Amino acid sequence: MKILCVAEKPSIAKSVAYTLGGGKVTVRNSSVKYVKNYDFTFEFPGVGRCSVTMTSVLGHLTEMTIDNNRYGWGKCLPINLFDSTIIVKENGNDSKKLVQNIANEARLSNQLMIWTDCDREGEHIGWEILNAASKTNSSLTLENVWRAQFSHLERSHIISAAKNPKHLDRYAIDAVCTRMELDLRAGFSFTRFLTDLFKTNFQEIKEERRLISYGGCQFPTLGFVVDRYMRVKEFVPEEFWYISIEVKKGNRKLPMSWSRPHLFDRLAAMLLYENSLDIAKDEAEIVRIISKPTSNFKPLPLTTVQLQKDCSKFFKLSAKETLDAAEKLYNQGFISYPRTETDRFDPKSDLNNLLSKQVESPQWGGYVQELLDGKMRFPRAGKHDDKAHPPIHPICYTDFTKLKSRNEQLVYQYVTKRFIACCSDDAKGVKSIVTAKWGLETFTASGLMVLEKNYLDIYDYFKWTSTKELPEFTLGEKVKLLKADLVTGKTSPPSYMSESELIALMDVNGIGTDATIAEHIEKILAREYASKQNLGESRSKKAYILPTELGCALVEGFNQIGFDNLSLSKPFLRKQLEESLAKITAKQETKNNVLDRFIELYRQAFVLSNQKQAILVQSYRHIQRRNA
């Protein structure tokens, strides 16, 4: 029996082939430079020893587009693209060659096994592979194709995936097709409308031949950046007042914080201050003393979004740089699949086995050995499980100093330390809180004594340290006030948008997926709707994402149009779509129903944008004048 296996990437094909073939593999070239055909034998349950050919694609083989002869730029009104015929074609010369390679290998094959990434996009790529194979072998169908379910390249895991195949998910394929068609129709129509509008009204855009592109995730992403920017620019500081006291115990001074929030009414603050001064003069009474155990909880198991946020915060890596490095580590078999929403390990997971592979590390091997000797604690369980992949974790030990790039070194260290921290105990300490009463007002001071650092001994990306010990007080004790002041201050503006904050906002609002968030951020930067700038003092500069004039104009213009129950620059429409795509995958909605509903919503938005296009033009002119 002959079985054709096809992976999503050449590196995965090579690794899986040599694992299943036990090293006894014959390599043949394909017509694409980076893609090889690997021949070997493997024993499949219920089938026996089979001849196997393992090859790969390079991501998607096909793309959706329109008939340019009929619907090309200038040949129809942009609104007609909502009803245009969709064409599916190979997305380049390499794809044509890859389709031919699969078709050639499938001709004499009895079975097809898909080894693409186990997510919605992977299901769709698997479907594209099936379509290519069925060109020469009509016996291969969606119902009988095998689908390998795997999340990393460790040997026993790959062998288990080969011996326990699943089926391609028809509904996940439908969800991806729905998203692709909606993005194409909305993207093409709005991009042509905006580009023509701005070229007609702004000579510099015409001369630069700028493309004013629209994307269903791109614009809400830009909307977050513009919204924060405008909040900073339009911020008006407000004056507030609060009471600050400092007490004396022996030779020690202890500042204490007012229990009330800051007051924005000076007269009210002054009355409370004078009332306390009249009642208690320069003396306060200790009315409560608490000393209680406290913990600093170890981190949850690692998701893609958290990986991107932390690497931006700790290492100043962009979301794209982080994912690129993680993808390379995965392809080399060093970490598990890096695109996952799961933040809990299966209770049956053999985490001791994964930990044991890190014992040889000179950096953290000793700590890991202590865990294996009895200090290991099972990781905390988050609330998310995508049912496809476990949290991101190291698969084997590697000397990270020998990895090819600095980004790979940083990401591997972070993933490994995070996993080890997850398997550790929480940090433990004692928190002391003293409450004093001055007149009718209460004030508090707190102190922390760290007793056991535990996971913080390995997870050194932030600190939890003991504070100065509080003086010894007794309940009811009268203490002398060294000072009691009515202090004024002013509210501060929010900071500009950091990439870490933007990732979090996109995640919580359903803009993109854990795998595509990085792409959408890169897109608004590449289109020059926003730029990264380092702001602050020389030693404490931080990178922020700020909108350009054009980026501000597009968002403010669409905000002023006044859409009814939807917005092109807010997250709500895209979030509704993502929720509907999830329902398609869960068999709760159909592809056609979702397409019809959202095409009509985008059409309504387009009609209104076209009617009020002068608002978009005036928005850009206003911002140019404002910044002149």
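## Thr 304 and its neighbours

Thr 304 sits in helix α10, which covers residues 304-315; helices here are DSSP runs of H or I with at least four residues, strands are E runs of at least two, and both are numbered from the N terminus. Leaving out residues up to four places away in sequence, Thr 304 touches Leu 323, Pro 338, Arg 339, Thr 340, Ile 392 and Asp 514, where contact means heavy atoms within 4.5 Å. Thr 304 counts as buried because its relative accessibility is 0%. The scale goes like this: buried is under 20% relative accessible area, exposed is over 50%, and partly exposed is in between, using a 1.4 Å probe and protein chains only.

A quick word on what you're looking at: this is a predicted model, in which local features need pLDDT of at least 70 and side-chain atom pairs count only at pLDDT 80 or more, while totals for chains, interfaces and linings use all residues. Residues are numbered from 1 along each chain as its sequence is written, and side-chain values use heavy atoms, with hydrogens and water left out.

## The whole protein

Stepping back, the protein has 20 helices and 16 strands. Its C-alpha atoms fill a box of roughly 95 × 70 × 45 Å along the principal axes. Of the 628 residues, 50% are buried. Among contacts with a separation of 6 or more, 76% join residues 24 or more positions apart.

## A cavity and a pocket

Both kinds of space are found on a 1 Å grid over the protein atoms alone: a cavity is a set of points where a 1.4 Å probe fits but cannot get out, and a pocket is an open set with protein on both sides within 12 Å along at least five of seven lines. Lining residues have an atom within 4 Å of a point. Points are joined across faces, edges and corners, and a volume is the space filled by probe spheres set on them. How many cavities of 30 Å³ or more are there by this rule? The count is one, and the largest cavity has a volume of about 30 Å³. Its lining is Pro 301, Leu 302, Phe 345, Ile 392, Val 415, Arg 418, Phe 419 and Cys 422. Seven of these lining residues are nonpolar, none is polar and one is charged. For that sorting, Ala, Val, Leu, Ile, Met, Phe, Trp, Tyr, Cys and Pro are nonpolar, Asp, Glu, Lys and Arg are charged, and the others, Gly among them, are polar.

The second largest pocket has a volume of about 670 Å³. It is lined by 26 residues, and Ser 151, Phe 345, Asp 346, Ser 349 and Pro 390 lie nearest its centre. Phe 345 turns up in the cavity lining too. Helices α5 (155-163) and α12 (351-356) each supply at least two lining residues, with α12 giving the most, at three.

## Just past α12

Val 359 is in the loop between α12 and α13 (365-375). Its relative accessibility is 28%, so Val 359 counts as partly exposed. Apart from its neighbours within four places in sequence, Val 359 is in contact with Gly 365, Val 368, Gln 369 and Leu 372. Asn 80 is another story: it is 279 residues from Val 359 in sequence and 63 Å from it in space, C-alpha to C-alpha.

## Two helices

Helix α20 (residues 613-627) has 15 residues, which at 1.5 Å a residue should span 21 Å, and its end C-alpha atoms agree, being 22 Å apart. The expected span is 1.5 Å times one less than the number of residues. Which residues of α20 are buried? They are Leu 616, Val 617, Ser 619, Tyr 620 and Ile 623. These residues cover an arc of only 155 degrees around the axis, so they are on the same side of α20; the arc is that of the directions from the helix axis to the C-beta atoms. An α-helix has 3.6 residues a turn, so residues three or four places apart point the same way. The buried residues of α20 pack against α6 (170-201), α7 (203-208) and α17 (549-561). On the other side of α20, Ala 614 and Arg 625 are exposed.

Helix α8 has 16 residues and reaches 23 Å from its first C-alpha to its last, close to the expected 22 Å. α8 is mostly covered, with 13 of its 16 residues buried.

## Two positive phi angles

Arg 209 has phi near 55 degrees, a positive value in a residue other than glycine. Arg 209 lies in the loop between α7 and α8 (218-233) and is exposed, with a relative accessible area of 72%. Lys 281 also has a positive phi, near 55 degrees, and its place is in the loop between α9 (266-280) and β11 (283-296).
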